Amino acid sequence: MMLLKDILYGVSLSAVSGSTNVMVNAIVFDSRKVGLDDVFVAIKGTVTDGHKYIEHVVAAGAKAIICEELPSVMVNGVVYVEVDNGNKALAIMASNYYGNPSKNLKLIGITGTNGKTTISSLLYQLFKKAGFKVGLISTIKIMVDDNVYATSHTTPDALTINYHLHLMNEVGVEYCFMEVSSHGIHQKRTEGLVFAGAIFTNLSHDHLDYHKTFAEYRDTKKILFDKLPKSAFALTNIDDKNGLVMLQNTKARKFTYALKSYADYRAQILENQFHGQLLKIDGDEVWSRLIGDFNAYNMLAIYSTADLLGLEKLEILRLLSELENVDGRFQYFISKEKITAIVDYAHTPDALKNVLITINALRTGNEKVITVVGCGGDRDKSKRPVMGHIATEFSNQAIFTSDNPRTESPAQIIKDMEEGVEAQNVRKVLAIENREQAIKTACQLAEANDIILIAGKGHETYQETNGVRVDFDDYKKVKELLTMLNK
């Protein structure tokens, strides 16, 4: 139990009916989970509006209602508080409720289109190897030192974030690395958090169904940097044309990293092979198990962050060489028939292009590259033809299939992808709606030394169609199919 006025500290209040000097139990924004003496925050979401359920939650025992519009009928004994933005209020309240846990550790936010999961997960790995207690909030999972918690969003809701940061405080976590998505920033899920640093990776075509324009998408990312305190650091990739934009209004200490430009932290690729690459970082050579230009950027961002957080440089290089790939990020194996299968989360045009360019750079030229790829339903439709174009331009064979169709027709999504295929590449395309069948076909078409790329879902262990999720793991599936075909 906690005083409502303490939970509301720092929240901008427009109107109050009743006294905030009352004890409340939990903060809830899902009307189905409200219990006796809870405080309910009505959120205007993309699917439903919490304001519709105020009467229901009062009947369920809610003691206080936080809303953007006061209801016409207010029940005696219930406190009603009007705020400008329910999402922002929820985030600040969650932080207060859990004792402002982000202040008690060094929280580092990673934002950008690609690389967030790899950088956050590998920073977690590196700092664990260095002997620290570490936290991770990522697309794949939440880690509270050694304990694993499931997650369903790149940036979870504010209550989930603060609850897990609170758990991190309890076990003495010193550093937490957190993916920060544009959705999370726009929906105010990170309000009330105190970041010790932020990293910008890159910006390319994604989420334009949500943000409408590229400028809005970019400017939303920038908010993370705009709100950093003077004591924090802002680290940006200046090889990306949007890199310096992130630093324009930040109060934080500014640092840059690059492979092609002059920067505070620089790297060079000396060798690139299927089992790793040799990098030169700030004058020292280091072997990395992660391959490709995009991973060189990721490794450099990790090195830079570890240096800014005070780790010794030679120790960082040693730990970099020990880091292992993240699930679903250029995760590969080679079958007995010498067929290489690669599973990657590449679900944006830029990420798909980067992976295919990396694969093509490692080929001798005789192998076929077979790409299995789809696009998610109920998401940015404008990237579908671009994905179709890239898959066919950089592959010998492209199999268009279902990703997570959600409520859309898989056949229509594939048609949207086909619109981007140039005339000379049409012959390369096979359309197979069933993802398992598409992967099986790729395995059947592949010969010794050929390379199969299965793109789009990466670490995901499900496929979502019309609100139903069924078990589906690209990596397990392709391994199983290639083993079966070998027999």
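Thr461 touches Val470, Asp471, Phe472 and Asp473, leaving aside residues up to four places away in sequence; contact here means heavy atoms within 4.5 Å. The model is predicted, so local features need pLDDT of at least 70 and side-chain atom pairs count only at pLDDT 80 or more, while totals for chains, interfaces and linings use all residues. Residues are numbered from 1 along each chain as its sequence is written, and side-chain values use heavy atoms, with hydrogens and water left out.

**Around Thr461**

Thr461 is found in the loop between strand S24 (451-455) and strand S25 (462-465). Helices (H or I, at least four residues) and strands (E, at least two) are DSSP runs, numbered from the N terminus. Thr461 and Asp474 are 13 residues apart in sequence, and their C-alpha atoms are 7.6 Å apart in space. With a relative accessible area of 44%, Thr461 is partly exposed. On this scale buried means under 20% relative accessible area, exposed means over 50%, and partly exposed lies in between (1.4 Å probe, protein chains only).

**Aromatic rings**

A pair of aromatic rings is described by the distance of the centres and the angle of the planes. Rings of Phe, Tyr and Trp (its six-membered ring) pair if their centres lie within 6.5 Å; planes under 30 degrees apart count as stacked, over 60 as edge-to-face and the rest as tilted. The structure holds ten aromatic pairs. Two of them are listed here.

| Pair | Centre distance | Plane angle | Class |
|---|---|---|---|
| Tyr97 and Tyr98 | 5.0 Å | 90° | edge-to-face |
| Tyr265 and Tyr303 | 6.2 Å | 75° | edge-to-face |

Tyr265 lies in strand S16 (residues 265-273) and Tyr303 in helix H9 (residues 293-308), so this pair ties together parts that are 38 residues apart in sequence. Tyr265 is buried at 6% relative accessible area, and Tyr303 is buried at 1%. Tyr97, by contrast, is partly exposed at 24% relative accessibility. Phe127, Phe132, Tyr175 and Phe177 form one aromatic cluster.

**Charges over rings**

The charged end of Lys457 sits over the ring of Tyr462, 5.0 Å from the ring centre. Likewise, the charged end of Lys479 sits over the ring of Phe333, 5.4 Å from the centre of that ring. The rule asks for NZ of Lys or CZ of Arg within 6 Å of the ring centre and within 35 degrees of the ring normal.

**Cysteines**

A disulfide is a covalent bond between the sulfur atoms of two cysteines. Counted as pairs of cysteine sulfur atoms within 2.5 Å, the disulfides come to zero. Cys176 is buried at 0% relative accessibility, and Cys443 is buried at 4%.
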